Amino acid sequence: MEQTNKGGAVVITGAAQGIGYAIAERFAAQGRRVVIADLRGSEAAAKKLGHDALGFDADVSNAAQVDALMAFAAERTGGVSVLVNNAGIYTTLAKTAFDEIDPEEWKRVFNVNVEGVWYCCRAAARYMKSAREGNIINIASAAASKGTAGLLHYVASKAAVVAMTRTLARELGPYGVRVNTVSPGFTQSDGILAGGAERGQQSEDIKRQRVVQRDIAPNDIAGAVLFLAGPDAGMFAGQNLIVDGGLTMN
Ligand SMILES: NC(=O)c1ccc[n+]([C@@H]2O[C@H](COP(=O)([O-])OP(=O)(O)OC[C@H]3O[C@@H](n4cnc5c(N)ncnc54)[C@H](O)[C@@H]3O)[C@@H](O)[C@H]2O)c1
């Protein structure tokens, strides 16, 4: 039977909290069937969201768990229409000089932020290709353009995501699948807010450097994701939307 995913799942990784949850809220409000995927707490987050959202615990750095996630989403909704690769290691990282980064931490950042995106795209593309439609939005970071000091592994991982988006866009474009990147600036997500006074100071310093001098809310990032996934962005492919209040410009 031909697989169709029109109206299929919107799978959002790392969506039990933070930017991912804000993205989930916006898609759900549009009547889309959202699947929240996270290391833990996915079902509870889906229940909190309402709108028939589904939850599935999966570690994006584990290919078998990712395959199971996409199979679950397709089975329960008829396909995978949108994938938002939002899960990432960032808010728990301490700034460290490039020559003092623990090689194990470097590997973990790449396993999640880079291989995780590859595994999710690979698994979701199976459903999108057969339906000949789909949208993938990868969450990178403005840090990749800015070259933020003290986070070499993170900056490199997000630059990889920006570059991967371009190749994925070319390979999946012929199947009607658009792939784009959203690169947030420093955003008041749950992970950042949990960082206390130190993060508060960092936030004030960064705010002063912006053209738009206010905090970035998770919803500001969600707006860009919804735009790229929607019909008004029909001619966007392989692009990188930086949402940082004009701190970096490209
Ligand atoms: N907050 C910012 O300032 C900022 C800026 C630029 C980019 N980003 C990016 O935005 C995304 C979301 O960040 P946030 O600030 O909302 O973070 P957050 O820490 O509030 O939430 C991240 C979520 O991802 C989940 N996660 C982590 N590793 C995972 C894995 N292996 N598999 C599945 N889920 C996993 C966590 O459990 C958590 O729920 C990340 O990719 C981050 O790099 C954030």
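Modeller: In this predicted model, the residues that line the largest pocket divide into 21 nonpolar, 16 polar and nine charged. The volume of this largest pocket is about 1000 Å³. Its lining consists of 46 residues, and those closest to the pocket centre are Asn86, Gly88, Ile89, Tyr90 and Thr91. The largest share, three residues, comes from H1.

The second largest pocket holds about 210 Å³ of space. Its lining is formed by Trp118, Cys121, Arg122, Ala125, Lys129, Met164, Thr167, Leu168, Glu171, Leu172 and Tyr175. The elements that contribute two or more residues to that lining are H4 and H6. Sorted by class, the lining of the second largest pocket has seven nonpolar residues, one polar residue and three charged residues.

Two packed helices are described by the angle between their axes and the distance between the axes. The axes of H4 and H6 come within 9 Å and cross at roughly 15°. Angles under 35 degrees count as roughly parallel, and H4 is therefore roughly parallel to H6. The crossing of these two helices is right-handed.

H1, which gives the largest share of the lining of the largest pocket, can be described through two further helix pairs. With helix H9 (residues 218-229), the axis of H1 comes within 8 Å, and the two axes cross at roughly 50°. This angle makes H1 oblique to H9. The crossing of H1 and H9 is right-handed. With helix H2 (residues 42-49), the axes come within 11 Å and cross at roughly 45°. H1 and H2 are therefore oblique to each other, and H1 passes H2 in a right-handed crossing.

Finally, there is the annotation of the chain. An unreviewed UniProt entry places the feature "domain: Ketoreductase" at residues 8-185. In the model, the end C-alpha atoms of residues 8-185 lie 30 Å apart. That span is 50% helix and 19% strand.

Terms used
Residues are numbered from 1 along each chain as its sequence is written. This is a predicted model: local features need pLDDT of at least 70, side-chain atom pairs count only at pLDDT 80 or more; totals for chains, interfaces and linings use all residues. Side-chain values use heavy atoms; hydrogens and water are left out. UniProt positions are given in the numbering used here, feature names are shortened, and annotations may be inferred rather than shown by experiment. Helices (H or I, at least four residues) and strands (E, at least two) are DSSP runs, numbered from the N terminus. On a 1 Å grid over the protein atoms alone, a cavity is a set of points where a 1.4 Å probe fits but cannot get out, and a pocket is an open set with protein on both sides within 12 Å along at least five of seven lines; lining residues have an atom within 4 Å of a point. Grid points are joined across faces, edges and corners, and a volume is the space filled by probe spheres set on the points. Ala, Val, Leu, Ile, Met, Phe, Trp, Tyr, Cys and Pro count as nonpolar, Asp, Glu, Lys and Arg as charged, and the others, Gly among them, as polar. Axes are lines fitted to C-alpha atoms, for helices over the stretch in contact, and angles run from 0 to 180 degrees between N-to-C directions. Angles under 35 degrees count as roughly parallel, over 145 as roughly antiparallel, 65 to 115 as roughly perpendicular and the rest as oblique. A crossing is left-handed if the near helix is turned anticlockwise from the far one by less than a right angle, and right-handed if clockwise.
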